[in-house]
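Please consult the sequence and the model alongside the text.

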Amino acid sequence: MQEATSTGSTIEQHGHAGLVADWAADKQTFTMPWGKAMMWIFLLSDTFIFSCFLTGYMSVRTTTTTPWPVPSEVFALTIAGHHIPLILIAIMTFILISSSGSMAMAVNCGYRGERKKTALLMVITALFGASFVGMQAFEWTKLIVEEGIRPWGNPLGAPQFGSSFFMITGFHGMHVSIGVIYLLVVAFKVWRGDYVSRGYEIVEITGLYWHFVDLVWVFIFAFFYLW
Amino acid sequence: MSEHAEGQQQHPIAIYFWIWGLLFVLSTFSYLVDYFEFHGMVRWTLILIFMFLKAGFIIAVFMHMMWERLALIYAILLPPLLLLVLIGLMSVEGKYVNSIRSTFFDPPAASAGHVEKSETP
C-alpha cells in the first residue's frame, strides 16, 4: 500500500520535475510495459541504421562526378497513354500512410477491448503492407529488366545510383515484409483471444514498429525520390 | 487528454482521422513539388518542410510520443541529434572528395566537359 502511493505520487509529477523523478527515484524509469520500452530502444537503433544508409547515399551522391539520374524520370510510368513522373512512388506513399492510419485504429480498438475489430484492422494493415511490397517488386523488376540498373552500374549515369537504391529500398522493403509477418502473427493471436486477460499493449507495440516503417519511408521519399 | 497509470494510450479516434488526412495532404504537396518541377533552394526547402511535418505528426500522434513522459521523449529523441555531426562531417568530406575527383580523376571534367560542367549549376 505504501509502495503504491509513493509510485502514484511520482506519476503525478509532470514536466522536468517528473523527468528527474523518473530517472532518479528508486523505481522503474519508463512507466510502460517492458516490451514497449524495448521496442522504442530497438527503433532508436534502427534509426541509426537507416540514417547511416541515407548519409552514405548523400556521400556517394556528393562525391561522384558522373551525373546523377533524375529520379522523377527513372520512376515515371505511362498510364493510359499519359506519362506521369514518380506516380508509382506517390501511390506507394499513400498506401503506406493508409496502412499507418488503419494501424492507429487497430491500437485504439485494442484498448477498447474490441477483439475482432482489432484483428481485422491489423489484417487490413498487413494487406496494405503486402501491396506496398508487391509494388516495390514491380518497381525493382522494371528497373532491373527494362532499365538495366544494377548495384554496380547503370546506363543512366552514376553507378552509385544503383547501389544506394537497391540497398536503401531493399532494406526498407525487408522491414515492411517483416512487419507484415509480425502483424499477421499478432492479429491471429488477438483473434484467438490470447490478450483478453493480458491486455492489448502488444497491439500498440506492433503499431510502433509499423509507424516507424512509414516514418522511414517519409525520409526515403524525400531524400531519394524527390531530392 | 487521458493518461493511464499503466502507460496505456487511449485517445479520441477523431485525432487519428485528422492526422491521417493531414498526412495525405502533406504527401500530395511533396509530390506536387516534383510535379511542378520546382528546382534549387525552393525545392529543397519545401521537401524538407513537408518531410519534417509528416515525420513529426507520425511520431507525435500515431506513435503517441506527445502523450509520453519526458523520460522517454528525451531518451528516444535526443540521441539521433548526434547524427547531425555525422551528416555535417560527411557533407564536408564529400565536397572535398568531389573537388579532388573533378581536378585529378575525371577526364571529361579536365578537358572538354569542364566548360559544360561549370555551366550546369
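## Basis and numbering

This is a predicted model, in which local features need pLDDT of at least 70 and side-chain atom pairs count only at pLDDT 80 or more, whereas totals for chains, interfaces and linings use all residues. Residues are numbered from 1 along each chain as its sequence is written, and chains are lettered from A and ligands numbered from 1 in the order in which they are written.

## Overall form of chain A

Chain A contains 8 helices and 2 strands. Helices (H or I, at least four residues) and strands (E, at least two) are DSSP runs, numbered from the N terminus. Along the sequence their order is α-α-α-α-β-β-α-α-α-α. The radius of gyration of chain A is 22 Å, well over the 17 Å that the globule rule gives for 227 residues, so chain A is more spread out than a compact globule. This radius is taken over C-alpha atoms, and the rule is 2.2 Å times the number of residues to the power 0.38.

Along the principal axes, the C-alpha atoms of chain A fill a box of roughly 70 × 40 × 25 Å. Of the 227 residues in chain A, 37% are buried. A residue is buried if 20 or more other C-beta atoms lie within 10 Å of its own, exposed if 12 or fewer, and partly exposed in between, with C-beta atoms placed from the backbone.

## Two partners of helix 8

Helix 7 (residues 160–192) and helix 8 (residues 201–226) of chain A pack at about 160°, with axes 10 Å apart. Axes are lines fitted to C-alpha atoms, for helices over the stretch in contact, and angles run from 0 to 180 degrees between N-to-C directions. Helix 7 and helix 8 of chain A are therefore roughly antiparallel (under 35 degrees counts as roughly parallel, over 145 as roughly antiparallel, 65 to 115 as roughly perpendicular and the rest as oblique). The contact of helix 7 with helix 8 of chain A comprises 15 nonpolar, 5 polar and no charged residues. Ala, Val, Leu, Ile, Met, Phe, Trp, Tyr, Cys and Pro count as nonpolar, Asp, Glu, Lys and Arg as charged, and the others, Gly among them, as polar.

The axes of helix 5 and helix 8 of chain A come within 9 Å and cross at roughly 160°, which makes helix 5 of chain A roughly antiparallel to helix 8 of chain A. By class, this contact of helix 5 with helix 8 of chain A has 12 nonpolar, 5 polar and 2 charged residues.

## Positive phi angles

Most residues other than glycine have a negative phi. Leu86(A), although not a glycine, has a positive phi of about 60°. Leu86(A) lies in the loop between strand 2 (82–84) and helix 5 (87–111) of chain A and is buried, with 21 other C-beta atoms within 10 Å.

His64(B), also not a glycine, has a positive phi of about 60°. The loop between helix 2 and helix 3 of chain B holds His64(B), which counts as buried with 22 C-beta neighbours inside 10 Å.

## Contact between the chains

In total, 45 residues of chain B are in contact with 46 residues of chain A; contact requires C-beta atoms, placed from the backbone, within 7 Å. Helix 1 (13–35), helix 2 (40–62), helix 3 (70–77) and helix 4 (83–105) of chain B each give two or more residues to the side that touches chain A. That side of chain B divides into 29 nonpolar, 10 polar and 6 charged residues.

Technical notes
Two residues are in contact if their C-beta atoms, placed from the backbone, lie within 7 Å.
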